[in-house]
Amino acid sequence: MLELKINGDLRRIDVDEDTPLLWALRDELKLTGTKFGCGIAACGACTVLVDGEAVRSCSYPATAAAGKEILTIEGLSEDNSHPVQQAWIAESVPQCGYCQSGQIMAAVSLLKKNPNPTDQQIDEQMTNICRCGTYNAVRRAIHRSARQLQEQGA
Amino acid sequence: MKIENISRRDFFRKTGVTAGAFALAFSFPATPKRALAAQGESDFIATWLQIDEEGLVHLWIPASEMGQGSLPSLAQILADEMEADYERIRALTAPKGDAYKNPMFGMQATGGSTSVRAWWNPLREIGANVRMMMIEAGAQKMGVRPSDCRAYNHRVVHSSGKSVDYAEIVSIAAGLSVPEKVALKERHEHRYIGKAMPRVDLPAKVNGSAQFGIDVDLPELLVATVMTSPAFGGELESMDQEAAMKVRGVKHVVEIPNGVAVVATGYWQAQKGLRALNPSFQGGASKGMDDAQIEVALRKDADNGKAVPAHVSGDLATGRQKAVQSLEMEYQVPYLAHSTMEPMNATAWVTKEFAKIWAPTQAQTPSVMIASGISGLPPEKVELNTTFLGTGLGRRFEGDFIQQAVLISMKIGGKPVKVVWSREEDMRHDFYRPQALSRFRVDLDQSGMPVAWENRITTPSIFSRVFPGMVKGGLDRAAVEGAAKDADYELPNQHTEYVLHESPIPVGFWRSVGHSFNAFFMESAIDEAAHASGSDPYDYRMRVMKTPRLRKALEMVAEKANWGSAPTGIFQGIAAHSSFGSFVAQVVEVSLPGENQIKVERVVCVADCGTYVNPQIIQMQMEGGILFGLTAAAFGDINFEDGAVKQGNFDSYRMVKQKEVPTIEVYVMDNYEEGPGGFGEPGVPPIAPALTNALFAATGNRVRSLPLSKQGFELV
């Protein structure tokens, strides 16, 4: 039995040792907000935070997350009130929406480390693929989140 | 079209509507053909709109939502005409139902940038009916005359100022008959139409709750993953079933057409099972073929294949008498994969009594027919629920994944199963954007104007597989769209012909279809003609342009992009193309940061999509179309080895990422004189030629074959 702390809750699952965190989340725990896109850590649709670090859960063993804090899209807020979610709505980022859980989690991680990223830093850190081409909206939403987080901090 | 108040009908209550709710349904006049297809009433008449006792409006939207904004746009139309409070509408994709058949297709399906174009009038009429019925119900409730009342923001308001909320009059409206005639709103009365209202699907798409096909869950649901023959049409040769069955969680190994499925308790278990199964394959129509052979076969057809006229006007020889120069050009584009963000998947539960399907599909009617055909169940016993689509791009118009899910469910004893493909399976078993070769001879007179236009397009036919009845005399109109009679330029003595190239590689609809390559061919050829005649590419286009609306878009894009006045080190290219009822012009600005490096600095885009519902959705679709086309132009290339696709994942099939994305400015023209145009696809066609035209301006190097990566250029 593997014990995982996800979005503040302790959850116990019975999975093979090699099971990626993505499939533990999706198939065992029914947390389907985290998406499968490539299986080789190339697209970022499966991004979640483990102890605050963005990881690509399709290529991260569930066992490696034991004893750590896992945050998925479902755990960001109860009511879409997280500043990054709010910015994503304000900038109307999602089109099909499939990659957006991963984009949002990657942005949350980026903003934790760098509360006011430059365009160049966004370019370097945001390596997720969006097939709808929402990249410029993602960039605007990150800047908007940064402003809001600064106002909250002030 | 007929609208019915079905609030009190029995079958309707069975669909789960709460007692006392108001509901309208919509049906087509009964033709013998339709009546035959619709044995049960529920098949014939489908719910469109319900207002529950809290006054919440539930809308069933007759289009799949794959990012293109059909769901929010159509919801916006209904909400506006019925005078709903925007906060109190809930929109869902409609289930299977004859009444949801797209009037432009005659079947329930989403594609061809048709959703708003097809549903604009019917949905406005439905909304207006609701508004009128609410006014009548409200007047009854207040004991006043309907003619002294109006509807505004979920309330019926009497001239005295007193008013009632829609929630209070739902039960009265439920007893009313549908008005015989309704007046649609005037343009100045629209409160949502024409405005950048927030998409109704936004909230669910920022918290992980939006349900895509891959997220479907049912009690006792098993998950299957598949592997089919790498060479198209090959057969399963051997497998180690025993080894697969030993893997924890694996329940079944099932043969499917051209391959095998492993069914397990979850995706990871199924993938492990598939690895242990280690299937091998033999044969296949494409077996043994590689890029070089595919190229030889295409050229053979371009040289000697049977050419059929796509558009002929005037006479080439006569035109050539006036020519002072002649340009011979050959352009080419490769096969491309769709690579929808969400890999192919579908869920099916098929018993002897019913088939239930949940799928991210663009093609409801064909999917139902497939399920009916395999299961032997009549279509009315097939239920189909459309989830959100993690992009569609035309790939989800196909039924292969539906077929697999239905078959596997039947083979495992009628249990529910979700089929989920790996990314590799998805990339290697696509219906590819066909490769295409276009040869031109363009003759110009003294002033540089075309006097003879000869063009031969050689490419596989999509329609001969999907809708063979639409290919007449060997001509697939989709293969020549944008280059034949519908070309945007005045081309006297035009002779455009098509060679249907037979290939074992499956081809399908890929966002903007034939326009995706013909715009590249035409807009490159026109650019070459401009340069050959010593003209500015923009001025030249304005002289030769035939399509009035595209001319205006072109004029505006030149102005917005400051055409001809780029700063030092920035080079501009221009292209314009009409498709799917819309008119799009783009200017691309590039710089050359290093040897063979190309940076797209800015794209300026002007779109005339006629009357629009939501300008922000159109902007985003143009921007998305530009990046989709830029990805293809820069990197897109599907290659073959021994009849199989070499690429398997995003490491070998590159997508544009954040760092390569240019500044994009999109201007949506105000043109209310015209009806709505499409917007999901028209942003794609101009980007490739605008880019290569800019590259020519920068380097003098004319790229005639895509992608840029194959020509040694790196996008940075």
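Before listing any buried residues, I noted the cut-off: a residue is buried if 20 or more other C-beta atoms lie within 10 Å of its own. I also reminded myself that this is a predicted model.

**Entry 1: helix 4 of chain B**

I began with helix 4 of chain B, residues 70-81. How many of its residues are buried? I found 12 of 12, so by the cut-off for burial this helix is mostly covered. The buried residues are B:Ser70, B:Leu71, B:Pro72, B:Ser73, B:Leu74, B:Ala75, B:Gln76, B:Ile77, B:Leu78, B:Ala79, B:Asp80 and B:Glu81.

Next I checked the length.

**Entry 2: B:Lys418**

Then I looked up a lysine, B:Lys418, which sits in strand 19 of chain B, residues 417-420. Is B:Lys418 buried or exposed? I counted 30 other C-beta atoms within 10 Å, so B:Lys418 is buried.

Which residues does B:Lys418 touch, leaving out those up to four places away in sequence? My list reads B:Val216, B:Leu221, B:Val223, B:Asn345 and B:Thr347. I also took a distance to B:Ser280, which is 138 residues from B:Lys418 along the chain. Their C-alpha atoms are separated by 24 Å.

**Entry 3: chain A by itself**

I turned to chain A and found five helices and five strands. Along the sequence they follow the pattern β-β-α-β-β-β-α-α-α-α. The radius of gyration is 15 Å, close to the 15 Å that the globule rule gives for 154 residues, so chain A is as compact as a globular protein of that length. Along its principal axes, the C-alpha trace spans about 45 × 35 × 25 Å.

I wrote down that buried residues make up 58% of the 154 in chain A. Of the contacts in chain A between residues at least 6 apart in sequence, 62% join residues at least 24 apart.

**Entry 4: where the chains meet**

Last, I looked at both chains together: 43 residues of chain A are in contact with 49 residues of chain B. Which elements of chain A give two or more residues to this side? I noted helix 1 (21-28), helix 2 (83-90), helix 3 (100-113), helix 4 (119-125) and helix 5 (135-153) of chain A. Sorted by class, the side of chain A that touches chain B has 22 nonpolar, 15 polar and six charged residues.

Key
Residues numbered from 1 in each chain as written. Chains lettered and ligands numbered in written order. Predicted model: local features only at pLDDT ≥ 70, side-chain atom pairs only at ≥ 80, totals over all residues. Contact = placed C-beta atoms within 7 Å. Helix = DSSP H or I, 4+ residues; strand = E, 2+ residues; numbered from the N terminus. Nonpolar A, V, L, I, M, F, W, Y, C, P; charged D, E, K, R; others polar. Rg over C-alpha atoms; globule rule 2.2 N^0.38 Å. Expected span 1.5 Å × (residues − 1).
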